[in-house]
Amino acid sequence: MINYETTEDVTSNDYIVAMKKAEDIAATDKSRVDYTVGSSHIHMFMSTPSCLLNSSKYKFMIHPPSRYIDVSRKIYFYTKKLTNLYNSKLDDESVKSDANWIREFLESIMQQQTIYYGNNLVYAPLTYSDYNNDLISKFRVYWDIRSKRKYLTYLNKFILKQISLEPREGFIKVMAEEGVFAGVPKEDVGTGLIFPIAMSGRVMAPVLSNFIIDLTIYPHVFLKLALEQKIIIKKYGNEITLSALNEMVYLDACISESIRLGTMSGLPRLVEKDMYLPNGAKLKASSSIKFGRFTHNRSESYFSHNPHDYIPERHFKTHTKLSDHSVYSTQWGFGQQMCPGVNYSCINMKLISSILIRKYNISKGPEQNERRHQGYELGHWLFHVNSSVYFEPHNILNYSE
Ligand code: HEM
């Protein structure tokens, strides 16, 4: 089968038809894996232990071992430590202080201006990955391969110093009290902290950006979200706590729906021993496979009601929440390698979205016509082709059905 995820001028329907024809096990051209396994084998994929379908060995196979062992294993280890700490400290108060911080941060971005002269960016908000950007430019100075080591040495020293200083504040304080980096080699502290932070930005950004564009295409969805926030504000006031977040069920379903339609295939595994699928197809030992999430997420068997359409309500029918991992919710992966950042991501994506919805009417802007879905651009991530969005400050309490 051609690689539908890298070939231009093919449609999602072509891909679905080709997977069906291949009975959901397709040897894929020009792919980093040998086979793509489709929707009808999801239970096998979810339940096979890592001694048979091995994710770590696949990663060893495609990355040079020395580099991989040095960096990735350590990063995963520290990320798990930090996400466990995050999960153990999660309560109404911690979410409230996160929300206040995010609110201030988002407002500060919105108040800045971006100025273009022709196609050149002259001035941009701090968060843009532009050379004028304070934080990113600091990273960039250190971030070329030659001086990466110098940067990490600087970061290690900086964090160790912050942890040793009194009085400590915020996350540094929690990390010091909990001894997160106690016993960790000095040279790993900076890496251990910065990679989870950088990774979280990288993985949450595509989801949130697709979600925001979905709101500009489906104004009725934005209206429902605004009404949900209005009810929650009436109950909890303006502060956003964990209990308030838990009641944002429509928001949960909308982000789930944006992820469903915006997820590429993935979850690569190395086949450790010869295996047979229920349809008799053989997966040879030492071959590599991935799960065809792109076509699974559009499968009529699992997402029966117009699977190509953006319908958040479908997740109520299957009782699926954003943080779930099930046949209806494959974004976090399966088994031992499942994402440890699930809670962190769900809380933060819901926080950022609810703060934006409370403060701004999110729309396509004052264009004349209804916005049409222009499809997705497929790459490492899947992004909407539509790209503009209009944020207009509003009073959410004025919304009514
Ligand atoms: C929308 C956000 C995110 C999505 C969709 C996501 C998705 C995934 C997926 C699909 C996997 C592979 C699972 C498998 O192979 O079965 C994974 C692994 C991982 N994720 Fe996430 N992730 C997200 C956010 C995060 C965040 C915020 C962190 C860290 C703070 C994180 C840390 C990790 C780590 C360390 C692994 C590797 C686990 C292992 O191999 O043992 N993820 N994630």
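Residues are numbered from 1 along each chain as its sequence is written. You're looking at a predicted model, where local features need pLDDT of at least 70, side-chain atom pairs count only at pLDDT 80 or more, and totals for chains, interfaces and linings use all residues.

Start at the ligand. There are 23 residues around it, and Ser-200, Gly-333, Gln-337, Cys-339 and Gly-341 come nearest; a residue is near if its C-beta atom, placed from the backbone, lies within 6 Å. Two or more shell residues come from each of α4 (65–88), α9 (189–217), β6 (266–271) and α15 (342–359). Those labels are DSSP runs numbered from the N terminus: helices are H or I with at least four residues, strands E with at least two. α9 gives the most, six residues.

Now follow β6. Five of its six residues are buried, that is, 20 or more other C-beta atoms lie within 10 Å of their own, with C-beta atoms placed from the backbone. Strands pair if DSSP finds at least two bridges between them. β6 pairs with β3 (residues 53–54) in the antiparallel sense over two bridges, and Leu-53 stands opposite Val-271. Three bridges also join β6 to β9 (residues 288–291), again antiparallel, with Arg-269 opposite Ile-289.

Finally, look at α15, where 13 of the 18 residues are buried.

How values were computed: Buried ≥ 20, exposed ≤ 12 C-beta atoms within 10 Å, placed from the backbone.
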